Amino acid sequence: MQLLTLCCFATLGCAAPLFGYPPPGFGPPGFGSSNTSATNQVKVVIKGNYRYIYSNGIPDHQPGRFPNRNNPNTIRPQQYEFRVTMEPKATRNPTPVSHSPFGVASNGVVFDAATAEFWNRNRSSGWNYEAKSGKINLGLDQSNAHVQPTGSYHYHGLPTGLIQKQGKVGEVTLIGVAADGFPIYAQFGYSDANDAESTVRKMKSSYRIKKGNRPSGPRGRYDGTFVADYEYVADAGDLDECNGRVGVTPEYPEGIYHYYITEDFPYIPRLWRGTPDPSFMRRGPGPGQRGPSGRRGFGPPPFGGPPPGFGQGQGSGRSFSN
């Protein structure tokens with residue numbers, strides 16, 4: 001059997017031999033029940049050309065108070081099992097994220113931009129409410145996150161708690177990996193995409209609110225209430241339609257395609273530049289609903305269970321660089 005390398009997110013090169021999965025155990029006692037005292041658990045296993053990510057979804061920073069007035073759900077440990085390629089490749093056409101998680105943060109919390117709220121509660125209407133529009137209140141905390149009915153704490157925008165914990169506010173900061181294997185950065189990037197010596201500034205997306213009125217559904221003027229109120233305008237900002245670009249980063253000095261989480265729409269990208277791994281795909285009901293497989297709406301991953309020793313807390317300063 002090929003030797004597996006167990007790594008924490010701090011340095012994917014830290015090596016501890018692993019000869020196979022699965023248990024003993026996954027997550028702390030009380031998994032699946034209300035457990036606000038649970039601590040952050042996340043491990044990465046590199047095998048061949050894939051990175052396997054196991055997480056209980058508990059943040060490593062202080063979350064907001066849940067339940068709260070606009071979110072009745074309690075944070076509970078999850079049983080995330082994700083796989084991403086270590087050799088991502090761009091495809092000719094982007095793939096819509098739809099209602100699947102876009103990626104996973106370095107602390108094991110998922111980036112999940114979509115909401116379960118639709119105009120007139122009609123999923124087929126095409127008018128999906130935007131979580132960060134300011135037109136609906138989903139009880140987001142200071143890290144732009146809230147909790148699904150399953151207890152899943154997830155980010156809808158910049159994970160400020162994670163960024164602050166890393167101590168890299170205002171820097172080019174690697175904060176996660178997308179389902180297609182390309183890295184995810186916080187909002188700051190180099191002003192010259194190909195020059196690491198250029199000044200660092202906030203990246204601006206190339207989306208804007210459409211002009212005029214909605215032709216159907218809720219009608220009225222486009223104002224950002226719904227995801228469909230926005231359109232991509234090439235070169236209007238720094239980033240492409242996937243909210244990313246090719247360029248150098250501290251972890252990839254030779255350059256790589258990479259995404260940004262931005263202050264403006266789409267916040268979290270709504271398109272993948274590469275091919276997402278099936279382990280991120282939701283099946284069955286929408287966000288927060290338990291699918292027929294019992295895996296909280298996710299399809300079964302293409303690999304086994306968690307590695308031995310999963311359940312030990314991890315340090316900060318994690319990285320997804322090779």
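Okay, some ground rules. Residues are numbered from 1 along each chain as its sequence is written, and side-chain values use heavy atoms, with hydrogens and water left out. Since I'm showing you a predicted model, local features need pLDDT of at least 70, side-chain atom pairs count only at pLDDT 80 or more, and totals for chains, interfaces and linings use all residues.

Let's start with strand β4, residues 50–55. Strands here are DSSP runs of E, at least two residues long, numbered from the N terminus. Five of the six residues in β4 are buried, so the rest of the structure largely encloses this strand. By buried I mean under 20% relative accessible area, using a 1.4 Å probe and protein chains only.

Who are the neighbours of β4? On one hand there's β3, residues 42–47, running antiparallel to β4 with six bridges. Two strands pair if DSSP finds at least two bridges between them. Val 42 sits opposite Ser 55 of β4. The β3–β4 hairpin has two residues between its strands, and Gly 48 there takes a positive phi near 60°. On the other hand, β5, residues 80–85, also pairs antiparallel with β4, over six bridges. Ser 55 has Tyr 80 as its bridge partner in β5.

Tyr 80 comes up again with Ser 152, which touches Gln 78, Tyr 80, Val 110, His 146 and Val 147, leaving aside residues up to four places away in sequence. Touching means heavy atoms within 4.5 Å. You'll find Ser 152 in the loop between β9 (145–147) and β10 (153–155). Is Ser 152 buried or exposed? Buried, because its relative accessibility is 3%.

Next up, β18, residues 256–260, where five of five residues are buried. In a regular strand, side chains alternate between the two faces of the sheet. Here Ile 256, His 258 and Tyr 260 point one way, while Tyr 257 and Tyr 259 point the other. Strand β12 (residues 183–185) runs parallel to β18, joined by two bridges, with Tyr 185 opposite Tyr 260. Strand β17 (residues 244–247) pairs antiparallel with β18 over four bridges, and Gly 247 partners Ile 256.

Of its 26 lining residues, the closest to the centre are Ser 98, Val 227, Ala 228, Phe 265 and Arg 270. A pocket is an open set of points on a 1 Å grid over the protein atoms alone, where a 1.4 Å probe fits, with protein on both sides within 12 Å along at least five of seven lines; lining residues have an atom within 4 Å of a point.

Methods
Buried means under 20% relative accessible area, exposed over 50%, partly exposed in between (1.4 Å probe, protein chains only).
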